[in-house]
Amino acid sequence: MSGAVQLSVWQVIFSYLFVLLVLAIVRKRGIRREREILLASVRMSVQLVLTGYALTFIFANPSPWVTLLIIAIMEGFAIFTVFKKFRGKLSGRLKKTIAGAMLAGTLSCIFYFLLVVVQIDPWYDPQYFIPIAGMLVGNSMTGISLGVKSLVEGMSLQRHLVEEALNLGATPRLASREIVNSTFDAAIMPTINAMLGMGVISLPGMMTGQILSGTVPTTAVMYQIAIMLGILGSVALTVILLLHFGYKTFFNHDDQFFPAGCRKHCEK
Amino acid sequence: MIGTDALFYLEGVSYQSILDIPDLQINPGVTVLLGASGSGKTTLLKLLNKSISPTGGSIWHTGLDLKETPSIQHRRQVLMLSQQAAMFPGTVEDNLAIGFQFQERKEPDVDTMRQMLLQVQLKKELTEPVLNLSGGEKQRLALARVFLLDPAVYLLDEPSSALDDDTADAVIGLVVKQARATGRSIVMVTHSKAVASKFADETIVLKDGRVVRTMQNRDLEAGS
């Protein structure tokens, strides 16, 4: 297996020909998206270059505090992204549940994966910690976003069924059972579908990156299998925590139902 | 202990700006709530069922303050049938069984279910999908679902609104007869004075969220 072909700055600059090509096409066809394409290309490049320098520095100077700080930033950014996506639709209790589910679900999986499965040493080795935590947090964020959307919409659209169930003497858990089950489906199915197509329909980015950088494909595959199972676990755990506590945020202490979420006024 | 002989006793009860009841006693038996739309009848039923809580005042059920009573336990005893009761996806049988699943009780056998369908005059197979049912059939299925559960008190919100007069008369008549025979109480919302005069032991008239009259059945029959 030969090592990776190192790309020079000039070689990377040649790849910008694709951007010029796309710009020419959209201009010719009168699609007014030149600004967005240019901005996305430049922003992506700058962000990645800065990240590259930052990671080089962090890898060269490993510190548990820096690793923990980066994990905290990732978690904070992921939680904030979910809040921003559902602005005005989340009660305070549901926000706390989302944050708690993200932190508990992802951190437990990250530490299990790195310390028990990969067995990195030292435990904070940023070369492993940061990319793997990024993948687990990123996928869990997508899962929890889908879960929150399905839960909030389900409680609103199927409010008559929840109310009817309560009228018939159901506990909040039983009254929300169908919504909770379909929410789990909605949140977890994209991960399951990705696993089903993996290696046949798509070659995952991490594996491709490892192969391009000279890793033997079988080693890359082993990593990919382990990370996919880690992602599945992290997404599932995060969503289960969201659902286990999240449905309760639509009911008050008297088991009365609030389809838009139980906010301050419904608490006694 | 307040009013242990009363089915419900309300003291200084208000709910937002919808309802304001300084004092009301609802006795065991069949009570009908009469009043125009928006008079607060449904809100009163929801308060009695504890699916909402009063913004002021207290409600007692057989002498127990509802604030102290666990909601789910209360709702299983004081069951509410809303005006447009929702049907759960599935068949007639699924909808009859679901109340027992919600209350974590053993489901009745199919013969008991069929018997109940006959009582509410719903001539449908247990395997019939609820999607195929008309509005009136759904209302009768909802009634059957509630009556199978056999609670101590039925809170019925316009249980015959989607039925024609003859069917309404027959179905409500059967419901009341069965309740009386088994010592159950009914609090029923209706627009119909005829239903009130025919079946009620007591009629409470609401207007703009206030109780304007409480009548025994004989007063109503006398046209007072």
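Strand E3 (residues 30-34) of chain B and strand E9 (residues 202-207) of chain B run parallel and share 4 bridges. Within this predicted model, Leu33(B) sits opposite Ile204(B) of E9(B). Both strands belong to an open sheet of 6 strands in chain B, ordered E6-E7-E8-E3-E9-E10. Pairing in that sheet is mixed. Its edges are strand E6 (78-81) and strand E10 (210-216) of chain B, and each of these pairs on one side only. From one strand to the next, the twist averages 15°.

A helix covers part of this sheet. H5(B) packs on it and touches E6 and strand E7 (153-157) of chain B. The direction of H5(B) makes about 175° with that of E6(B).

H5(B) also has a helical neighbour. The axes of helix H5 (residues 135-149) of chain B and helix H6 (residues 165-181) of chain B come within 12 Å. They cross at roughly 5°. Angles under 35 degrees count as roughly parallel, so H5(B) is roughly parallel to H6(B). From H5(B), the contact uses Arg140(B), Leu143(B) and Phe147(B). From H6(B) come Val171(B), Val175(B) and Gln178(B). By class, the contact of H5(B) with H6(B) has 4 nonpolar residues, 1 polar and 1 charged.

E1(B) and strand E4 (residues 56-61) of chain B are antiparallel, with 5 bridges. Here Phe8(B) has His61(B) in E4(B) as its bridge partner. E4(B) is also joined to strand E5 (residues 64-65) of chain B by 2 bridges, again in the antiparallel sense. His61(B) stands opposite Leu64(B) in E5(B).

Now look at the backbone angles. Most residues other than glycine have a negative phi, and most peptide bonds are trans. The hairpin of E4(B) and E5(B) has 2 residues between its strands, and Thr62(B) there takes a positive phi near 45°. Gln16(B) is another non-glycine residue with positive phi, near 45°. Gln16(B) lies in the loop between strand E1 (8-15) and strand E2 (19-26) of chain B. Chain A supplies a cis peptide bond, between Asp121(A) and Pro122(A), with omega about 0°. Pro122(A) is found in the loop between helix H5 (92-118) and helix H6 (126-157) of chain A.

Chain A is split into domain 1 (1-61) and domain 2 (63-266). Their C-alpha centres lie 30 Å apart. Domain 1 of chain A puts 7 residues into the contact, and domain 2 of chain A puts in 9. The domain 1 side of chain A has 5 nonpolar and 2 polar residues, with no charged ones.

The two chains also meet. Here 14 residues of chain A are in contact with 17 residues of chain B. On the chain A side, helix H7 (residues 159-167) of chain A gives the most, with 6 residues. That side of chain A has 6 nonpolar, 5 polar and 3 charged residues.

Last comes confidence. Chain A has a mean pLDDT of 91, and 97% of its residues reach 70 or more. Among the elements of chain A, helix H8 (residues 172-175) has the highest mean pLDDT, 96. Helix H10 (residues 205-212) of chain A has the lowest, 83. Where pLDDT is low, the predicted coordinates should not be read in detail.

Methods
Residues numbered from 1 in each chain as written. Chains lettered and ligands numbered in written order. Predicted model: local features only at pLDDT ≥ 70, side-chain atom pairs only at ≥ 80, totals over all residues. Domains from an automatic or database assignment. Contact = placed C-beta atoms within 7 Å. Nonpolar A, V, L, I, M, F, W, Y, C, P; charged D, E, K, R; others polar. Axes fitted to C-alpha atoms, helices over the stretch in contact; angles between N-to-C directions. Parallel < 35°, antiparallel > 145°, perpendicular 65-115°, else oblique. pLDDT = per-residue confidence, 0-100. Pairing = 2+ DSSP bridges.
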